[in-house]
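Colleague: I have not looked at this one before. Can you walk me through the model?

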Amino acid sequence: MKRFQLSIALVLAILLLASCAARAPRSGALTILDSDAYDGLIVAQAALTEAKQQFALGELPPSAKDVINKAGAAYNVARASWLTWRDGLAAGRGDEAAKFKLVADVALLTAAVAAVFKLKGGAQP
């Protein structure tokens, strides 16, 4: 199962990179990657907030706590990577290593959030 999630994460990372040349970034974004990473973080944050609320109301099993906490940790890592990459880009230091770390961290976040959706019966927004 873990290998499958990592495979999905890798495919999503490749698709995220490939999408960078397909369209213009949203207003305020530095690049398409900046825009897409931001969107992914917003969706993940909303999913985690909802899952935490459902857990607090007893709508999710006790085992959900670990899954939610792991997704929260993945969110924190992805957000830190996004901020590091974005700050470097804004300062004129386009760092490829930071870019690839961001893509990998967002892909891992995507897999972690997918596990949260699975707890909720597979319903995704």
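Colleague: In what order do the elements of the protein run from the N terminus on?
Modeller: The order is α-α-α-α, and the protein has four helices and zero strands. Helices (H or I, at least four residues) and strands (E, at least two) are DSSP runs, numbered from the N terminus.

Colleague: Where does the model come from, and how are residues numbered?
Modeller: This is a predicted model, where local features need pLDDT of at least 70, side-chain atom pairs count only at pLDDT 80 or more, and totals for chains, interfaces and linings use all residues. Residues are numbered from 1 along each chain as its sequence is written, and side-chain values use heavy atoms, with hydrogens and water left out.

Colleague: What share of the residues is buried?
Modeller: Of the 125 residues in the protein, 34% are buried. Buried means under 20% relative accessible area, exposed over 50%, and partly exposed in between (1.4 Å probe, protein chains only).

Colleague: And the accessible surface, what does that come to?
Modeller: About 7,500 Å², with 62% of that belonging to carbon and sulfur atoms. The areas come from the Shrake-Rupley method with a 1.4 Å probe; for residues, only the protein chains shown count as cover.

Colleague: Now the packing. How do H3 and H4 cross?
Modeller: Helix H3 covers residues 64–90 and helix H4 residues 96–119; their axes come within 8 Å and cross at roughly 155 degrees. Axes are lines fitted to C-alpha atoms, for helices over the stretch in contact, and angles run from 0 to 180 degrees between N-to-C directions.

Colleague: Parallel or antiparallel, then?
Modeller: H3 is roughly antiparallel to H4. The cut-offs are under 35 degrees for roughly parallel, over 145 for roughly antiparallel, 65 to 115 for roughly perpendicular, and oblique for the rest.

Colleague: Which residues meet there?
Modeller: On the H3 side they include Ile68, Tyr75, Trp82 and Trp85, and on the H4 side Leu102, Val106, Leu109 and Val116 are among them. Contact means heavy atoms within 4.5 Å. By class, the H3 and H4 contact has 18 nonpolar, one polar and three charged residues. Ala, Val, Leu, Ile, Met, Phe, Trp, Tyr, Cys and Pro count as nonpolar, Asp, Glu, Lys and Arg as charged, and the others, Gly among them, as polar.

Colleague: What about H2 against H3, what angle and distance?
Modeller: Helix H2 (residues 32–56) packs on H3 at about 155 degrees, with the axes 10 Å apart. That makes H2 roughly antiparallel to H3.

Colleague: Which residues does H2 bring to that one?
Modeller: Among them are Leu41, Leu48 and Phe55, while the H3 residues include Ile68, Tyr75 and Trp82. The contact of H2 with H3 divides into 15 nonpolar, two polar and five charged residues.

Colleague: And H2 with H4, parallel or antiparallel?
Modeller: The angle there is about 30 degrees, with the axes 10 Å apart. So H2 is roughly parallel to H4. H2 residues including Leu33, Leu41 and Leu48 meet H4 residues including Val103, Val113 and Phe117. This contact has 14 nonpolar, no polar and one charged residues.

Colleague: Changing topic, where is Leu30?
Modeller: Leu30 is in the loop between helix H1 (2–19) and H2. At 38% relative accessibility, Leu30 counts as partly exposed.

Colleague: What does Leu30 contact, apart from its neighbours in sequence?
Modeller: Arg86, Leu89 and Ala90, leaving aside neighbours within four places. The C-alpha atoms of Leu30 and Ala90 are 7.5 Å apart, though the two are 60 residues apart along the chain.

Colleague: Is Gly94 buried or exposed?
Modeller: Gly94 is exposed, with a relative accessible area of 55%. Gly94 is in the loop between H3 and H4 and touches Gly88 and Leu89, not counting residues up to four places away in sequence.

Colleague: And Ala107, buried or exposed?
Modeller: Ala107 lies in helix H4 and counts as buried, at 5% relative accessibility.
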